[in-house]
Amino acid sequence: MPDVTNDVTTLRIRRPAPVATLPVRMACGIAAVCAGVAAGEVAAAFVRPQAAPVVAIGSAAIDLAPTAVKEWAVRSFGTWDKTVLLAGIHTTMGVTAAALGPIAAARRAAVVALPLGFGAVGVWAALARADAGLPDALPSAAAALVCAAVLFLLTTRRTARPDARPVSPGPGQRPGDAVARAGDDPAPASGAPSVEPHPRPGRRTALTAGAVVVLSAGLGSAGRHLADRRNDVSAARASLTLPPPARPLPPTPPRAAPTIHGLTPFRTPVGDFYRVDTALTLPRIDPRDWTLRLHGMVERPVELSFADLLALPLEELDHTLSCVSGEVGGPYAGTTRWLGAPLPALLRRAGIRAGADQLLGRSKDGMTIGTPLECVLDGRAALLAVAMDGLPLPVAHGFPCRSVVPGLYGYTSATKWLVDLEVTTFAAHDPYWVRRGWDRTGEVRTASRIDVPAAFARVPAGDVTVAGTAWATHRGIAGVEVRVDGGPWQEARLAADAGPDVWRQWHHTWQGAAPGTHRLEVRATDATGAVQEETRRPPFPSGATGWHSTVVTVH
């Protein structure tokens with residue numbers, strides 16, 4: 001009976017892919033998120049900087065944060081609050097990204113689902129802004145798609161293509177023997193399947209992820225740089241020529257600013273002027289594109305270009321602006337000479353209808369500031385300001401136009417990057433801060449502060465100079481008193497009065513200061529005769545109250 005030769009094809013199977021170490025998987029997640037963020041930054045350069053995913057989510061976090069959290073952030077970090085917030089967002093993203101890689105390696109559906117979920121959060125945050133448009137969703141969508149694609153490429157296992165095929169036995173081989181081709185794994189024992197090797201993913205994947213992170217950092221920086229260039233208004237600001245005021249104010253009296261080492265300057269340098277707002281990315285408006293619309297409960301709506309605004313008779317105003325978030329003795333107050341168009345004249349030109357009680361200002365970034373209408377029309381010098389200290393407004397302080405209304409905290413009077421004014425009622429509209437529980441009026445409380453000596457200073461025994469500032473804008477300061485260790489109040493010497501809308505500096509000689517630790521206190525009396533309130537209250541909801549005190553050591 002003839003022999004029957006049975007050719008047995010070598011069965012090759014895939015060896016399970018080596019499991020990448022946890023750090024490699026984490027690196028894959030970080031690389032994917034970095035790539036997504038970079039894609040979002042580049043896309044935002046062609047939409048607007050506020051639409052970048054990190055900025056959009058950060059802005060939403062500010063809007064959603066409880067008032068107590070916002071106050072804690074301002075109190076704890078001051079004007080660095082936004083930097084701290086962005087650092088927190090990036091840290092959270094880093095932790096989330098590190099977890100994303102292992103999750104995606106364990107569950108393949110997560111490769112697409114998680115990035116798209118995060119992208120959806122970014123799209124929602126971008127579109128939730130009051131000034132948002134549909135294009136604002138594009139950067140977050142691009143970020144999600146790129147993140148998913150990179151995560152898929154980094155975490156998908158690759159195997160060599162099975163390429164064994166039947167080979168006829170050679171001389172000296174028995175029928176049924178498997179013959180290995182050059183480059184194949186050594187032949188297994190007879191009847192056992194051969195195993196296909198799998199490339200090691202650890203080192204190569206880690207290097208690839210690192211390269212993606214470096215490339216993403218470069219692309220993200222390039223995107224931000226491109227956004228800055230596309231939205232740069234520094235040349236327009238530098239070339240702006242401001243007309244002189246119709247009625248220039250006289251120079252500040254020298255006696256209004258006593259020369260005392262350590263005393264706050266009477267006129268705050270623009271670079272040192274405090275900034276408290278919710279803008280993570282500053283709105284940049286070219287004056288040639290700027291318009292202001294005045295509408296609502298008016299007889300004749302008005303629309304002005306920037307050239308129209310500068311053509312109006314401009315006025316100067318010396319004014320101390322302060323923030324309601326400032327603690328007793330805090331730094332959130334500054335004085336400058338503003339230049340702008342009279343706001344009351346513009347309102348009368350439009351014709352106010354009966355029943356209106358609120359002037360609602362809208363910023364380019366959607367912020368709303370509600371000002372009591374009676375405070376604008378009662379004779380005070382309210383302005384549509386275009387300059388500080390003789391120069392166009394800095395971008396951080398509202399360029400090209402902002403509102404200034406003496407006697408009110410900034411949250412009810414100072415709309416930066418102003419583009420819209422609506423005459424309305426408080427019953428119809430609650431502005432941004434009022435919706436969060438702050439007082440509607442925002443009248444500045446009488447405040448006084450000890451600047452000299454500094455807190456916990458060591459001073460020599462004998463006569464010690466105590467000095468500081470006090471303000472009650474639109475009412476003025478009539479007196480300041482100082483006391484030591486709870487003793488009798490003593491009148492401080494006031495500097496010259498430069499007007500009710502600016503702070504007033506003062507100084508006092510503490511005679512015969514004896515060695516030891518002492519507590520100094522100050523209180524002010526406004527021009528109506530009302531003494532500064534003693535009870536200590538926090539800023540929320542209508543401004544901090546209480547006497548400022550400091551402790552010094554006499555040696």
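How closely do the axes of helix α4 and helix α5 come, and at what angle do they cross? In this predicted model, the axes of α4 (residues 81-106) and α5 (residues 110-127) come within 9 Å and cross at roughly 155°. Because angles over 145 degrees count as roughly antiparallel, α4 and α5 are assigned to that class. The contact is formed by Thr96, Leu100, Ile103 and Ala104 on the side of α4, which meet Ala110, Val111, Leu114 and Phe118 of α5. Classified by residue type, this contact of α4 with α5 comprises seven nonpolar residues and one polar residue, with no charged residues.

The protein chain as a whole contains 12 helices and 21 strands, and 48% of its 555 residues count as buried. Among contacts in the protein chain with a separation of 6 or more, 77% are accounted for by residues 24 or more positions apart. Arg75 lies in helix α3 (residues 67-77) and is partly exposed, with a relative accessible area of 48%.

Aromatic side chains were examined next. The structure holds 10 aromatic pairs, one of which is formed by Trp471 and Trp503, with ring centres 5.9 Å apart and planes at 55°, so that the pair is tilted. Trp471 belongs to strand β15 (residues 462-471), while Trp503 lies in the loop between β18 (493-494) and β19 (504-513), so the pair ties together parts that are 32 residues apart in sequence. Both partners are buried, Trp471 with a relative accessible area of 8% and Trp503 with 2%. A further aromatic pair, formed by Trp489 and Trp547, is edge-to-face, with a distance of 5.0 Å from centre to centre and an angle of 85° between the planes. This pair likewise links distant parts of the chain, 58 residues apart, with Trp489 in the loop between β16 (477-484) and β17 (490-491) and Trp547 in the loop between β20 (516-526) and β21 (548-554). Trp547 counts as buried, at 10% relative accessibility.

Elsewhere, Phe273, Tyr274, Tyr332 and Trp338 form one aromatic cluster. An interaction geometry involving a charge and a ring is found at Arg436, whose charged end sits over the ring of Tyr432 at 3.6 Å from the ring centre.

Several features of the backbone occur in loops. The peptide bond from Phe399 to Pro400 is cis, with omega near 10°, and Pro400 is placed in the loop between β10 (391-392) and β11 (402-404). A cis peptide bond also joins Val452 and Pro453, where omega is about -5°; Pro453 is located in the loop between β13 (447-452) and β14 (458-459). Positive phi values in residues other than glycine include those of His474, near 75°, and Asp485, near 55°. His474 lies in the loop between β15 and β16 and is partly exposed, with a relative accessible area of 31%. Asp485, in turn, is placed in the loop between β16 and β17, and its relative accessible area of 44% makes this residue partly exposed as well.

Methods: Residues are numbered from 1 along each chain as its sequence is written. This is a predicted model: local features need pLDDT of at least 70, side-chain atom pairs count only at pLDDT 80 or more; totals for chains, interfaces and linings use all residues. Side-chain values use heavy atoms; hydrogens and water are left out. Rings of Phe, Tyr and Trp (its six-membered ring) pair if their centres lie within 6.5 Å; planes under 30 degrees apart count as stacked, over 60 as edge-to-face and the rest as tilted. Helices (H or I, at least four residues) and strands (E, at least two) are DSSP runs, numbered from the N terminus. Buried means under 20% relative accessible area, exposed over 50%, partly exposed in between (1.4 Å probe, protein chains only). A charge sits over a ring if NZ of Lys or CZ of Arg is within 6 Å of the ring centre and within 35 degrees of the ring normal. Axes are lines fitted to C-alpha atoms, for helices over the stretch in contact, and angles run from 0 to 180 degrees between N-to-C directions. Angles under 35 degrees count as roughly parallel, over 145 as roughly antiparallel, 65 to 115 as roughly perpendicular and the rest as oblique. Contact means heavy atoms within 4.5 Å. Ala, Val, Leu, Ile, Met, Phe, Trp, Tyr, Cys and Pro count as nonpolar, Asp, Glu, Lys and Arg as charged, and the others, Gly among them, as polar.
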